[in-house]
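I opened the model in the viewer and kept brief notes. They follow in the order I worked.

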Amino acid sequence: MSTRTVEMALATPGLDERGRPSRLPLSIGQPGDDDMGAEHMLVNIGPQHPATHGVLRLVLELEGETVKRCIPHIGYLHSGFEKLGEYRHYNQIVPLTDRTDYLSPMANNVCLALAAEKLMGIEITERCQVLRVIACEMSRIISHLVWLGTTGIDLGAFTPFLWSFYQRERIYNLQEAWTGARLTTSLTRIGGMMADVPDGWEAGLRDFTATFTRTLDEVDTMFTRNSIWCGRTQGVGVLTAEEAINFSLSGPMLRASGVDYDVRKDRPYLGYETYDFDVPVGEHGDIYDRYRVRLEEMYQSNRILEQALDRLARLKGAPLNTDDHRVILPPKGRAMSDMEAMIHHFKQVMEGIPAPAGEAYLGVENPKGELGYYFVADGTAKPVRWRIRPPSFINLACLPKLCEGALLSDVIAINASVDIVMGEIDR
Amino acid sequence: MTAVAPALSPSVDALRAAFGSAVLRAAVSCGDSIVWVAADRAHEILAWLKNTPGQTFNYLTDVTAVDYRDPDRPLEVSYQLRSLSRKADLRVKIPLDKAQPLAVDSVVDLWRGADWLEREVFDMFGVTFTGHPDLRRILMWDTYAEGHPLRKDFPLRGNFTRAEQTRQALAANPEAHYSMEELSIADAFNELPEDMKRRLLDGQRGELR
């Protein structure tokens, strides 16, 4: 008996005369008893379910079709990144960040480098800043495109998924040309970048920015005034501004509720204060406003990309990496021919870069919300503590509140609107 | 990122005036203001920081903890606060002596966002948050028995051998997939066989047999 699972037990009160599990009757109430509300049902969604956007498991208590309670279970993808980070040099942590929010790896790389540079007090060059802005905004577009496509599918619209993934593919090709990888980019290094953009790459991105917004216009035509889309999203999963702040939400989730907080504007990094862009803010805090905010953010990211490309053209030939030799490796040619440069290279790679004792928290505006990296250093080359402030994790924590009183089908829409990525939630 | 002379947040002086010796010390590191406060008055201080006009730290950016490599150094629970209106940040840290039970008052009543963050600190460091409505493990499973992974006395590969970890995974009790609370939803508990009910009531969920 002990091998029977609860799932079996829920569906099988016993065995029939032939030894097969008998099934529960579909309705348990007395005949003529139409009070369906009396019976509460337990529904388990996930962890292996396409509509949960990853290995998220939700246990729902239903009364009829109304959700009384939602109990999320996470941790199925836990990899112990924060623990691993304590055993690695600062530059060696960069590949771990690829794998947290794997829908926007380049933006995570940038945040890690910025946090480590804040800890070590390193300034980066203007050209590096511009390239990092480009990396962040490209990431924002691909992350939002995944959100747009999969949410469309969750709500029954298939075509925008194909359009958005076609555009996403164009950025992935650029990302691959720049970093050599589509997913595990590991783009940044402390004090600079892993690589400069290849020759002619800017033309590819210009082509993208010139034509990309047409797809957004088409999605706008399909969704924004579509009565099915509006019916499924307007007034569903509502959070007021006070609740959103109280739940520590960030990113589009917070702004859709009418709170004008964008880290790029409020605590600028990478010179974002010098770019001309707007921060869209919703007013109703429902799924529809989250859609409008994310759609508009893609237009704005496109604007930032165009401005960054102009600056990149102006900075042609300018140095990419900082000239601080504590953190930047000597040029490969010198390391191969010059004894001192080789020793320098060897020591830096084998011993890592020591950070002064202290601590630094740095938050950036990632596609999902405010991603923060918090380093505590004790003077060695490995951090005492590397904390990821995961925006999806904190945004998902309000899911039980959002789902309360919603219909079962709305749970799928609400969960999609939070825009989670389990790699970051479970870390 | 420019090297401006780091200045301590004016909130620290206000805290010292209001709470005196409960404010243990303050420092600036990499431009961030940090203030250490006593654990027994931490909730009071955080509520004051949230609600006092002129402070209004209404946004709880993050809750985490730090266990230092030096075993004698206290474990620190760290609250990263932000005032959205004033665009100001403050980090409040609570040192906890590792020889004593690690416990601090929960701030879920102030910020709902602290719910999962405190559960994670409990899971990863074993800090108990008094007054938390639902203090369970969150990233590790309920019956995880190896300890608290982000503590420095927890080895990278875990406390159990790989063979033991595999044995436990294979012998995992499927009853552990639902909590008692969840089983009560569908009244499923009454449908369970007698021996399963008995073991669940004895709190033997996930026990090896």
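These are my entries, chain by chain and then across the chains.

**Entry 1: ground rules.** I am working with a predicted model.

**Entry 2: chain B overall.** I looked up the make-up of chain B first. I count six helices and seven strands there. Read from the N terminus, the elements go α-β-β-α-β-β-β-β-α-β-α-α-α. Of its 209 residues, 49% are buried. I then took the contacts in chain B between residues at least 6 apart in sequence; 48% of them join residues at least 24 apart.

**Entry 3: B:Thr64.** Which strand of chain B holds B:Thr64? I find B:Thr64 in β3, residues 59-66. Is B:Thr64 buried or exposed? Its relative accessible area is 2%, so B:Thr64 is buried. I next checked its partners. The side chain of B:Thr64 makes a polar contact with the side chain of A:Arg385, at 2.7 Å. Leaving out residues up to four places away in sequence, B:Thr64 touches A:Tyr374, A:Arg385 and A:Arg387 in chain A, and B:Glu76, B:Val77, B:Ser78 and B:Val121 in chain B.

**Entry 4: helix α3 of chain A.** I listed the buried residues of α3(A), residues 90-98. They are A:Tyr90, A:Ile93, A:Val94, A:Leu96, A:Thr97 and A:Asp98. What covers them? The cover includes helices α2 (81-85) and α4 (105-120) of chain A, along with strands β4 (188-189), β7 (369-377) and β8 (385-389) of chain A.

**Entry 5: a helix pair in chain A.** I turned to α5 (residues 126-154) and α12 (residues 287-314) of chain A. They pack at an angle of about 155 degrees, and their axes are 9 Å apart. Angles over 145 degrees count as roughly antiparallel, so α5(A) is roughly antiparallel to α12(A). The crossing of α5(A) past α12(A) is left-handed. I sorted the residues of this contact: 17 are nonpolar, three polar and nine charged.

**Entry 6: positive phi.** I looked at two residues that are not glycine. A:Leu270 has a phi near 55 degrees, a positive value. A:Leu270 sits in the loop between α11 (263-266) and α12 of chain A. Its relative accessibility is 5%, so A:Leu270 counts as buried. B:Cys30 also has a positive phi, of about 55 degrees. I place B:Cys30 in the loop between β1 (23-29) and β2 (32-37) of chain B. B:Cys30 has a relative accessible area of 28% and is partly exposed.

How values were computed:
Residues numbered from 1 in each chain as written. Chains lettered and ligands numbered in written order. Predicted model: local features only at pLDDT ≥ 70, side-chain atom pairs only at ≥ 80, totals over all residues. Heavy atoms only, no water. Helix = DSSP H or I, 4+ residues; strand = E, 2+ residues; numbered from the N terminus. Buried < 20%, exposed > 50% of the residue type's maximum accessible area, 1.4 Å probe, protein only. Polar contact = N/O pair within 3.5 Å; in protein donor to acceptor, adjacent residues only side chain to side chain. Contact = heavy atoms within 4.5 Å. Axes fitted to C-alpha atoms, helices over the stretch in contact; angles between N-to-C directions. Parallel < 35°, antiparallel > 145°, perpendicular 65-115°, else oblique. Left-handed = near helix turned anticlockwise from the far one by under 90°. Nonpolar A, V, L, I, M, F, W, Y, C, P; charged D, E, K, R; others polar.
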